[in-house]
Amino acid sequence: MKHIFIIFITLISSFGFAQKTESPYLEILTPNAVIPLKSTKANVKISGNIAHVHIAQTYQNTGNIPIEAKYVFPLSTQAAVHKMQMTIGDRTINAKIFEKQEAQRVYDKALKEGKRAAKLDQHRPNVFQMNVGNIMKNDLVTIDIYYTEMLVPLAGNYEFVFPGVVGPRFTGENTSGETVFNQPYTEKGVGDTFNYNLDVQINAGIPIADVSSNTHNIKVHYPNTRKAEISLTSENKNPSNRDFILKYSMRGNEIQSGLLLYEENGEKFFAYMMEPPKASVNIKLTAKEYLFVVDVSGSMNGYPMEVSKKLLRNLLVNLPETDHYNILLFAGGSSVLAPEPLACTKENIQKGINFLTNERGGGGTRLLNALKTAYALPRMDKTSARSMVVITDGYVSVERKAFEMIEQNLGQANVFTFGIGSGVNRYLLEGMAKISNSETFIATEMNEANDVAEKFRNYIKSPLLTQIRIKAEGFDAYDVTPSSIPDVFASRPILVFGKYRGEAKGTLTITGQTGNGVFQKEFRVTDGMLSKDNEALRYLWARKKIERLDDYKRRFGDQTKHQVTQLGLKYNLVTQYTSFVAVDNEVVNKNGNRKTVKQPLPMPKNVNNSAVGAAASVKGKTFIKRKKRTKTAKTIADKLNEKATNWFRENYGKIIEKYLKTYDGIRVEVAKDGTIVKVEILINGSWITNEVLLERINLMDAHEVFDLGKKVTITIKK
């Protein structure tokens with residue numbers, strides 16, 4: 001059946017909000033639409049610790065005019081995207097890697113000449129965009145994408161994540177003007193607009209145990225004890241609206257430590273994974289301080305907020321009374337439980353639980369402002385070790401600014417992150433923890449809150465391996481990444497990538513300091529596995545080096561950009577500065593006219609439509625478009641308030657009436673120059689900031705605007 005899209009703005013469609021602001025918007029799917037993405041299928045092969053992923057995206061044109069399809073989708077933050085192909089009928093075109101601006105030029109030229117073309121760009125390490133141009137009527141165009149990543153176990157358990165959807169992003173703190181997140185979303189509960197399927201094969205080399213998925217219904221077949229074949233069952237409802245997470249372990253929680261080697265065209269690569277030292281049970285626990293920074297924005301409204309409440313409760317009730325804590329809630333603004341950290345007594349823990357209990361979620365996600373406020377809060381004492389625990393879905397677009405703020409405040413706190421939701425922004429969550437040498441934990445469902453809280457408690461109790469050094473003797477290793485190994489908790493192995501010259505012989509020795517004294521482990525290079533099957537190492541080494549140079553840094557010179565660009569071009573990798581382009585030589589659209597269609601994205605599972613409203617928050621200074629200016633005499637407060645209320649009703653009565661059908665009241669703060677700076681809605685006796693309504697009001701033309709002379713707060717109730 002054909003479909004058409006009707007742009008739908010939450011609550012009030014008549015203002016043309018989405019089109020004016022280039023922000024995310026909701027779509028209602030009705031007959032005669034052109035939905036360009038027909039299907040996406042992933043085939044995953046995990047050999048040892050390396051996952052090889054092949055994605056096939058098939059695009060179609062069910063309309064009558066040529067189209068250009070644009071699709072924004074996520075990949076793993078660790079993905080080394082090294083190959084792309086375009087298939088039309090019986091023709092397959094291999095994509096070439098170009099510097100990003102040159103890629104755009106090649107793509108635009110092909111479309112202007114009437115040729116089919118496809119371009120793959122990276123906007124974040126986990127956010128990519130596919131453009132497929134000149135798709136003719138009844139065309140089927142398949143784009144194949146190939147990437148690899150290294151799977152690193154935590155506490156002996158492996159996890160493979162195939163991201164499903166890029167969630168709507170709040171862009172109110174982003175000043176870069178980027179438009180990649182200006183994508184349409186289907187309403188919550190709307191079925192998948194394309195076919196989605198995924199198959200996984202695990203070839204571990206040692207016996208596999210406990211294959212499971214909490215996100216999807218799966219079928220598992222074991223050809224033998226060392227192999228597993230996983231597929232989705234037909235019971236899955238809308239499987240594309242959430243991340244696919246597969247968990248498994250080895251018998252006895254054995255970690256596949258060892259050395260992998262690969263040689264090609266004079267270059268030699270290695271990857272070494274070392275099992276961490278065993279945790280000691282005789283660890284003396286010291287008093288700790290925790291600052292819980294909890295996202296209560298619009299995208300967290302409903303189910304994610306309930307998961308957050310349960311998670312925070314589980315974290316709090318198990319803290320010893322010698323520890324201290326505080327809570328900061330943030331959305332458009334922020335609020336703090338107590339002026340100073342509270343001791344973790346039963347009475348104080350209950351205060352924290354009550355503080356969050358009535359929170360429903362609403363408004364934008366001003367993460368930078370929340371972090372700034374959190375770092376400024378007083379500590380238990382100057383010598384206390386503070387852990388900042390950030391609980392969020394990560395639906396923001398200011399990742400690098402957040403990384404920079406954490407890096408500038410490394411001495412203030414360790415930053416742990418808890419992702420809440422079915423399709424969280426792992427780049428933000430993993431990056432914040434990585435900068436702080438901490439860890440990320442993800443809770444996709446309510447029943448995971450207990451387990452995730454327990455993982456966190458066990459993690460912070462495990463001993464640190466510090467002052468880590470790697471020494472090569474008789475093995476000419478160079479260009480090793482990371483160049484210096486940060487402190488690690490005992491539940492995560494050490495992983496290094498590098499190159500080497502000469503023969504694969506000699507030893508690699510890891511030394512470090514634990515609570516029990518000096519730790520040392522030696523590995524003979526001749527025991528490593530040199531194989532042509534380890535080709536992924538060249539991509540993984542380059543990707544790891546790119547991560548170190550670029551992923552988590554905001555400020556760097558042209559030399560760094562040049563290095564990353566050259567790595568992308570040499571090793572055929574998509575980066576922030578390099579893109580894949582495939583061009584078919586057949587001319588199919590001589591006049592070059594075409595319609596651009598953005599593929600609608602599914603609303604992430606359990607995320608409410610308010611997430612799109614939160615993402616579409618006002619940018620820059622709040623303003624009113626003034627048509628006519630008159631002045632009123634400065635009178636006593638009640639008369640001024642009465643005049644202000646009458647003026648507000650006359651100019652914004654229709655939008656207020658619609659909101660009052662849903663909420664108990666509206667409170668508006670107007671600055672002395674007539675600028676509306678804050679809007680709150682009344683829900684169950686509590687006033688909650690609503691940045692969506694604030695922007696909608698400020699997008700309207702006021703028929704009459706006057707200087708009030710002083711700040712006025714207007715309250716309108718049912």
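**Strand pairing, ring contacts and helix packing**

Visitor: Which residue of β10 stands opposite K70?

Guide: This is a predicted model, in which local features need pLDDT of at least 70 and side-chain atom pairs count only at pLDDT 80 or more, while totals for chains, interfaces and linings use all residues. Residues are numbered from 1 along each chain as its sequence is written, and side-chain values use heavy atoms, with hydrogens and water left out. Strands (E, at least two residues) and helices (H or I, at least four) are DSSP runs numbered from the N terminus. In β10, the residue opposite K70 is N131.

Visitor: How many bridges join β5 to β10?

Guide: Strands pair if DSSP finds at least two bridges between them. Strand β5 covers residues 67-74, and β10 covers residues 127-135. The two run antiparallel, and the bridges joining them number 7.

Visitor: How many residues of β5 are buried?

Guide: Buried means under 20% relative accessible area, exposed over 50%, and partly exposed in between, with a 1.4 Å probe and protein chains only. Strand β5 is mostly covered. Of its 8 residues, the number buried is 7.

Visitor: What is the angle between the ring planes of F441 and F456?

Guide: Rings of Phe, Tyr and Trp (its six-membered ring) pair if their centres lie within 6.5 Å; planes under 30 degrees apart are stacked, over 60 edge-to-face, and the rest tilted. The rings of F441 and F456 are 5.8 Å apart, centre to centre. Their pair is edge-to-face, with an angle between the planes of 90°.

Visitor: How far apart in sequence are the parts that F441 and F456 tie together?

Guide: F441 is buried at 4% relative accessibility, and F456 is buried at 2%. F441 belongs to strand β27 (residues 440-443) and F456 to helix α8 (residues 449-461), so their pair ties together parts whose separation in sequence is 15 residues.

Visitor: Are α3 and α8 roughly parallel or oblique to each other?

Guide: Helix α3 (residues 303-317) packs against α8 at about 40°, with the axes 9 Å apart; axes are lines fitted to C-alpha atoms over the stretch in contact, and angles run from 0 to 180 degrees between N-to-C directions. Angles under 35 degrees count as roughly parallel, over 145 as roughly antiparallel, 65 to 115 as roughly perpendicular, and the rest as oblique. The relation of α3 to α8 is therefore oblique.
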